[in-house]
Amino acid sequence: MVDRLGRERLLELTLAGTPDRALASLVAASPEDAADLAALREDLARLGHAAPPVEPPKRLRERLLATRPRPRGPRRPVLVVLDMINDYLTPGRPLEVPRARDVVPAVKERITWAHEKNVPVIYVCDTHEPDDEDFRDWPRHAVAGTEGAEVWPAIAPSPGDHLVHKRTYSAFTGSAFGPLLDDLHADQIILTGCATEIGMFATAKDALERGFVVTIPPDCQAGMSPVAEHVALVTLAALVPFEPRYLRAAP
């Protein structure tokens, strides 16, 4: 049974200025708390509308308007297909992610959309040498040059797509992924693939720390279980890009 925060505690957190994304994470496991939070926000909104408006001093208003950054959003997305390889999607393989096969149609639709919109598509694939030290802790998988390391045939790369090899969880670690994103002047990553709680989580976290806006379409991700997916996605939802790239000077 999940311990509830209760309406009084939720009110304290709200009045203390707790960010909405943090509140959403706190109530994610309790439908009752989520309902209380929604009702509490409605009550506070009514109070706000009932209170008489307060006009800030003219000079303060001018200063705030002059220094406020122009609201913008990401403008240069890339679509990333992560670890959708034969060794993870083939039934019976040691590191099979069964749910990954279910999201193949949705991932394929995203790839088609990206091609139509001229959005770069980047395949990032786990790849290991035969004597990789990774095999001390994991069964042999994704060995370079083998069928197991290749992209699942139904969503194989097309001419013009990019292919990046990685050796560990995050796409950024020891690979050409980061430099490629810089070359593409990307500021948003639409992340698809598997496994949600391992490679996708590590990649998304690293991307956020580097200032990328990260979007994970729910129908384009697969973990080892729905619970694992939920925990990873709720955790990521509480994070925002550090020094967002879309607010930096255009190249």
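Ala 195 lies in the loop that runs between strand E4 and helix H9. In this predicted model, the peptide bond that joins Cys 194 to Ala 195 is cis, with an omega of about -10°. Strand E4 itself covers residues 188-194, and helix H9 covers residues 196-209.

Let us follow the chain into helix H9. Which of its residues are buried? They are Thr 196, Gly 199, Met 200, Ala 202, Thr 203, Ala 204, Asp 206, Ala 207 and Leu 208. These buried residues pack against several elements, among them strand E1 (77-82), helix H8 (177-183) and strand E4. Strand E5 (213-215), strand E6 and helix H10 are also partners of the buried residues of H9. Just after H9, Gly 211 adopts a positive phi of about 95°.

I turn now to helix H10, which spans residues 226-237 and has twelve residues. From its first C-alpha to its last, H10 reaches 16 Å, close to the 16 Å expected at 1.5 Å a residue. The buried residues of H10 are Ala 228, Glu 229, Ala 232 and Leu 236. Why do they lie on the same side of H10? The reason is that they cover an arc of only 100° around the axis. On the other side of H10, the exposed residues are Pro 226 and Val 227. What do the buried residues of H10 pack against? Their partners are helix H6 (98-102), helix H9 and strand E6 (221-222).

The loop between strand E1 and helix H5 (86-89) contains Asp 83. Asp 83 has a phi near 55°, a positive value in a residue other than glycine. Is Asp 83 buried or exposed? Its relative accessible area is 4%, and Asp 83 is therefore buried, the cut-off being under 20%.

Asn 118 has a relative accessibility of 69%, so it counts as exposed, for which the cut-off is over 50%. Between Asn 118 and Pro 77 there are 41 residues in sequence, yet their C-alpha atoms are 9.9 Å apart in space.

Finally, let us consider the protein as a whole. Its secondary structure comprises ten helices and six strands. Taken along the principal axes, the C-alpha atoms fill a box of roughly 70 × 50 × 35 Å. Of the 251 residues in the protein, 40% are buried. What share of the contacts with a separation of 6 or more comes from residues 24 or more positions apart? The share is 75%.

As for the surface, the protein exposes about 14500 Å², of which carbon and sulfur atoms supply 57%.

Notes. Residues numbered from 1 in each chain as written. Predicted model: local features only at pLDDT ≥ 70, side-chain atom pairs only at ≥ 80, totals over all residues. Heavy atoms only, no water. Helix = DSSP H or I, 4+ residues; strand = E, 2+ residues; numbered from the N terminus. Expected span 1.5 Å × (residues − 1). Buried < 20%, exposed > 50% of the residue type's maximum accessible area, 1.4 Å probe, protein only. Arc of directions from axis to C-beta. Contact = heavy atoms within 4.5 Å. Areas by Shrake-Rupley, 256 points an atom, 1.4 Å probe, with all protein chains shown as cover.
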